[in-house]
Amino acid sequence: MKNVALMAIPALAAFVTSVIAGKIIVPALAKAKMRQYEREEGPESHKKKQGTPTMGGVIFLLATLIVSLFYIGKYPEMIPVMIGMFGFGLIGLIDDSMKMLKKQNEGMTPSQKMLGQIVVAVAVVLYLQLVMKTGTEIHIPFVNGTYNVGIFYYVIAAIMILGTVNGSNLTDGLDGLSANVTFYIAIFFSVASLLYKAGITPIAAALAGALLGFLMFNTHPAKVFMGDTGSLALGGFVASSALVIKNPLIIIIVAFVYLMETLSVMIQVASFKTTGKRVFRMSPIHHHFELGGWPETEVTSKFAIISALACLLGLLAL
């Protein structure tokens, strides 16, 4: 019963907080003209989205932070997750702000964004190693026990953090897509934390509830977008959580949608550069299905189902 409360109470509290915050923040973003600027090469149907308030990730980040602060004294294991989540969220906030100032879809330069991501990734790993002293042992999905991977831990951690954050960023391309997909991942980590006694259940459950609250404003047709503020923060949460439960490879399973989106871009770029031909109608892959005639809501729903199934498989892999 105690474990149920540890999930349900933060989730419900964050949902209510997120809805209240959204009622205040969405009109404020619109009034401040924090508007979305669509990519010129994006789908034609997305041109009508231009002008929708963005940077809405602050809604669920604020709700998650407020609720998590009530638990952090008893569950200090949440700190590295907060470093990853809010650190990457800050990078996204800066990027979104620069887009508004430039009035275009390009904010920070790729090198600036990568440098910021490396700094936050290093901060997460250093906290885990120097403060929490987690060591270099990790769980391998579907294999019992932990294995010391030595120096390869840092390579795995770097790849998983940077890959997950950018995969999450690519997933944020349709109304409600990233929030729906990550909702199930947050539920997964709240359960996995209980199984591993990792101490991050409150923040994972809070994020799940906060994302449901955010979806009240982000479902099609979206009244607000999360922007890089939200999408990078979600990737930071997923990667940091996987490292805290000492199972970074689980991301390949539970964040399969992130992986699918990332691979579609890599395949598209490689194919076009080597053969001059495109494999997909447009990448990331959610646009491929959209241009194939699927309604935006159908793409979002089916990707959410894939995420839910991936997380169920992830539970079996623990």
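Pro-221 is located in the loop that links helix H7 (201-218) to helix H8 (227-244); helices here are DSSP runs of H or I with at least four residues, numbered from the N terminus. The peptide bond between His-220 and Pro-221 is cis, with omega of about -5°. The model is a predicted one, in which local features need pLDDT of at least 70 and side-chain atom pairs count only at pLDDT 80 or more, while totals for chains, interfaces and linings use all residues. Residues are numbered from 1 along each chain as its sequence is written, and side-chain values use heavy atoms, with hydrogens and water left out.

A cis peptide bond also joins Ser-283 and Pro-284, with omega of about 0°. Pro-284 belongs to the loop between H10 and helix H11 (285-291). Most peptide bonds are trans, and most residues other than glycine have a negative phi. Lys-197, although not a glycine, has a positive phi of about 55°. This lysine, Lys-197, is found in the loop between helix H6 (177-196) and H7. With a relative accessible area of 73%, Lys-197 is exposed; exposed denotes over 50% relative accessible area, buried under 20%, and partly exposed the range in between, for a 1.4 Å probe and protein chains only. A positive phi, of about 60°, is likewise found at Lys-246, which is not a glycine. Lys-246 sits in the loop between H8 and helix H9 (251-254) and is partly exposed, its relative accessible area being 25%.

Ala-186 is part of helix H6 and has a relative accessible area of 0%, so it is buried. When neighbours within four places in sequence are set aside, Ala-186 is in contact (heavy atoms within 4.5 Å) with Ala-204, Leu-207, Ala-208 and Phe-237. The C-alpha atoms of Ala-186 and Ser-241 are 9.1 Å apart in space, although 55 residues separate the two in sequence. Thr-171 is placed in helix H5 (residues 152-171). The relative accessible area of Thr-171 is 0%, and the residue is therefore buried. Beyond its neighbours within four places in sequence, Thr-171 is in contact with Leu-177, Ser-178, Val-257, Tyr-258, Glu-261 and His-286.

Helix packing was described next for H10 and H12. Two packed helices are described by the angle between their axes and the distance between the axes. The axes of H10 and H12 cross at roughly 125° and come within 8 Å; axes are lines fitted to C-alpha atoms, for helices over the stretch in contact, and angles run from 0 to 180 degrees between N-to-C directions. H10 and H12 are therefore oblique to each other, given that angles under 35 degrees count as roughly parallel, over 145 as roughly antiparallel, 65 to 115 as roughly perpendicular and the rest as oblique. On the H10 side, Phe-256, Val-257, Met-260 and Glu-261 meet Phe-303, Ile-306, Ser-307 and Ala-310 of H12.

Ile-306 lies in helix H12 (residues 296-317) and, with a relative accessible area of 30%, is partly exposed. Together with Ile-252, Phe-256, Leu-259, Leu-263, Met-266, Ile-267 and Val-279, Ile-306 makes a nonpolar surface patch of about 650 Å². Such patches consist of residues with over 30% relative accessible area and no salt bridge, nonpolar side chains (Val, Leu, Ile, Met, Phe, Trp, Tyr) being joined within 5 Å and like charges within 9 Å. A salt bridge is a side-chain nitrogen of Lys or Arg within 4 Å of a carboxyl oxygen of Asp or Glu. Accessible areas come from the Shrake-Rupley method with a 1.4 Å probe, and for residues only the protein chains shown count as cover. Helix H10 (residues 256-275) contributes the largest share of the nonpolar patch, 5 residues.

Notes
Helices (H or I, at least four residues) and strands (E, at least two) are DSSP runs, numbered from the N terminus.
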